[in-house]
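This report goes through a single protein chain, from its overall build down to a few individual residues. Please have the chain open while reading.

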Amino acid sequence: MSNSNQQLSVVETFRNLHKSGCFLIPNPFDLGSAVYLHHLGFKALATSSAGFAFTRGLPDDVDVIGLDVMLQHFREVAAATPLPVNADFQNGYADEPELVAQNVKLCVDTGVAGLSIEDRIPGASRQLYDDAIALERVKAAREAIDQSGIPVVLTARCEVYLVQKPAPFDFAVRRLTAFADAGADCLYAPGVTDPDEIEAIVKAVAPRAVNVLAFRPDPNLSLANLTDLGVRRISVGSALARVGWTAFMKAASDIAETGEFTSLAENNSFAELNALFRQSTERS
């Protein structure tokens with residue numbers, strides 16, 4: 001099967017996952033974590049810009065991690081398993097809709113099955129693009145995907161909860177509805193946790209799919225509860241990467257502070273990990 005036909009097949013699988021029910025789409029931070037998530041039986045994966053940045057000792061910032069570096073990361077994760085991969089493409093690495101469109105075409109070429117475009121302006125100001133430009137950016141991404149001939153799933157993100165604007169719910173509903181009308185396949189407002197607000201967002205953008213971020217322990221964010229609310233998919237963002245960093249930082253700090261190695265007692269064995277990755281290599 002050619003690479004193009006293989007991508008089309010994976011994209012079809014990914015699109016079908018969004019049609020009914022609710023699926024988990026965890027976020028690996030490198031190739032090993034992607035392989036392990038496939039091993040656990042997840043049906044799709046999503047990259048995490050923050051998780052990847054931390055593996056390189058860098059902040060989660062499009063001005064620090066270049067476009068070419070991020071595209072190569074997408075390419076490697078998409079090739080690491082047969083699962084559909086959604087690319088966390090942040091702001092599309094551009095402000096202007098025309099440049100967003102150019103970069104989206106490059107993103108599609110990496111072999112991903114989906115990509116997300118957010119409405120937050122990069123930098124420390126925690127500002128969102130104005131309504132008109134935010135909408136044009138989504139339309140440009142939609143047009144670029146259509147022109148590519150590879151119908152990857154377009155997720156449009158509204159970051160209003162993360163930038164802590166007043167009345168985030170009203171803002172999110174208005175903007176996500178506009179994004180749905182502009183051609184987004186999936187809508188996403190990371191940070192929303194209230195069940196009533198989640199259900200209202202689902203109804204506002206129907207029949208388009210909704211992604212919810214499960215970024216902390218919260219009974220409202222369980223698979224069962226979100227399925228009941230009509231959510232189609234659940235991601236975890238940088239949470240798994242931060243779980244790994246938390247364990248590493250604690251163990252390393254204990255060694256540095258005590259000169260003892262008790263923090264290494266509950267490690268998974270070398271043999272277990274080596275066997276897992278050997279099997280993955282043999283399958284490929």
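## Overall build

Among contacts in the chain between residues at least 6 apart in sequence, what percentage join residues at least 24 apart? The share is 65%, where contact means heavy atoms within 4.5 Å.

The model is predicted: local features need pLDDT of at least 70 and side-chain atom pairs count only at pLDDT 80 or more, while totals for chains, interfaces and linings use all residues. Residues are numbered from 1 along each chain as its sequence is written, and side-chain values use heavy atoms, with hydrogens and water left out.

The chain holds 12 helices and 8 strands; these are DSSP runs, with helices being H or I of at least four residues and strands E of at least two, numbered from the N terminus. For 284 residues, a compact globule would have a radius of gyration near 19 Å, and the chain agrees because its own value is 19 Å. That radius is taken over C-alpha atoms, and the globule rule is 2.2 Å times the number of residues to the power 0.38. The C-alpha atoms fill a box of roughly 60 × 50 × 40 Å along the principal axes.

## Surface and charge

Of the 284 residues, 46% count as buried (under 20% relative accessible area, with exposed over 50% and partly exposed in between; 1.4 Å probe, protein chains only). The chain exposes about 13,900 Å², of which carbon and sulfur atoms supply 54%; the areas come from the Shrake-Rupley method with a 1.4 Å probe.

There are 24 positive and 35 negative side chains, with Lys and Arg counted as positive, Asp and Glu as negative, and His and the chain ends not counted. The centres of the two sets lie 4 Å apart, each charge being placed at NZ of Lys, CZ of Arg, CG of Asp or CD of Glu.

## R137 in helix α6

R137 sits in helix α6, residues 131-148. R137 is buried yet has no salt bridge (a side-chain nitrogen of Lys or Arg within 4 Å of a carboxyl oxygen of Asp or Glu). The nearest side chain of opposite charge, D95, is 5.2 Å away. Leaving aside residues up to four places away in sequence, R137 touches N91, A94, D95, P97, V100, I117, E118 and Y129.

## Backbone details

Y93, in the loop between β3 (85-88) and α5 (97-108), has a positive phi near 60° without being a glycine. Y93 is buried, at 16% relative accessible area. R126, also not a glycine, has a positive phi of about 55°. R126 is in the loop between β4 (114-118) and α6 and is partly exposed, at 33%.

The peptide bond from A206 to P207 is cis, with omega near 10°. P207 belongs to the loop between α9 (195-205) and β7 (209-213).
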